[in-house]
Amino acid sequence: MKLTFLGAGRGGFPAPDCNSCAAMLECGNGVYLIDAGAPVLELMTVRGIPFERLKGVFTTHMHGDHTFGLLSLCSVCSWHYTGCDMDVFLAEDRGIAALKELILSMDKVFHEDRIRLKKARPGVIYTDENITVTAIPTAHCQPYPSYAYMIEGEGKRVFFSGDLHHGDAADFPLIAREEPSDLIVCEMTHIDHDVMLPLLGSCPTKKVLFNHVCWDYDEKCAAIKAAQGTYPMPIIAVSDGETYLI
Ligand SMILES: [Zn+2]
Ligand SMILES: [Zn+2]
């Protein structure tokens with residue numbers, strides 16, 4: 001597995017050196033996105049990723065910094081890249097309906113048979129020859145749904161926290177605290193480092209990557225750096241364009 005942070009999501013808006021949340025996972029012959037903040041279409045194009053390899057898009061919740069890239073991605077993969085065949089998961093029906101209607105209003109045709117907009121739900125939502133994806137409910141958008149994801153493939157297990165409950169991360173997936181994993185990708189926008197670092201440090205995982213590090217960025221990055229070496233696994237704050245082999 002190879003994980004590339006197309007956008008590390010420093011905040012809810014793009015910065016000169018940081019795009020919104022979009023992580024690209026390559027496994028076998030497949031490419032998968034966890035969140036699709038803008039400009040994910042352009043960032044994949046710059047890297048020469050064939051869109052025909054994109055098999056699944058798993059958005060954690062409907063906030064724009066995780067979904068604004070869906071419009072151009074789904075539109076272009078529908079009308080231009082006619083070899084595309086993918087499942088696109090969103091957290092809410094109204095998001096699916098709105099995205100479809102917006103694409104139709106612009107393109108007049110939307111190839112739903114190839115670009116399949118689906119509602120995420122708790123449990124296993126996707127499986128193919130490369131990966132299995134399990135959605136785990138979180139409380140970030142209460143009363144609206146949001147999800148963390150567990151992705152398993154090539155004998156590896158990776159957790160993506162998605163955005164968590166403000167302040168306490170009480171919804172951080174229990175399974176990630178209890179079951180071994182190769183990597184946890186965790187946000188640090190809505191929770192302070194003094195909450196997240198002990199929590200992640202106690203998880204039975206081989207590596208922790210923090211994305212979506214926002215508000216008090218310098219202070220949080222300094223705390224993450226200071227924690228390196230004091231926990232049993234590497235703990236790193238990621239930047240745009242970084243790639244990690246799992
Ligand atoms: Zn959010
Ligand atoms: Zn966010």
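**Close-up 1. D65, a buried residue in a predicted model.** At 11% relative accessibility, D65 counts as buried (under 20% relative accessible area, with exposed over 50% and partly exposed in between; 1.4 Å probe, protein chains only). D163 is buried as well, at 2%. This is a predicted model in which local features need pLDDT of at least 70 and side-chain atom pairs count only at pLDDT 80 or more, while totals for chains, interfaces and linings use all residues. Residues are numbered from 1 along each chain as its sequence is written, chains are lettered from A and ligands numbered from 1 in the order in which they are written, and side-chain values use heavy atoms, with hydrogens and water left out.

**Close-up 2. The zinc ion (ligand 2) and its protein donors.** Look for D65 (OD), H66 (NE2), D163 (OD) and H212 (NE2), at 2.1 to 2.3 Å from the zinc ion (ligand 2). Donors here are N, O and S atoms within 2.8 Å of the metal (3.2 Å for Na, K and Ca); water is not among the atoms, so sites may look incomplete. Along the chain, the spacing reads D-H-x96-D-x48-H.

**Close-up 3. The zinc ion (ligand 1) and its protein donors.** Here H61 (NE2), H63 (ND1), H140 (NE2) and D163 (OD) coordinate the zinc ion (ligand 1) at 2.2 to 2.4 Å. Their spacing along the chain is H-x1-H-x76-H-x22-D.

**Close-up 4. D163 between the two zinc ions.** D163 coordinates both the zinc ion (ligand 1) and the zinc ion (ligand 2), which are 3.3 Å apart.
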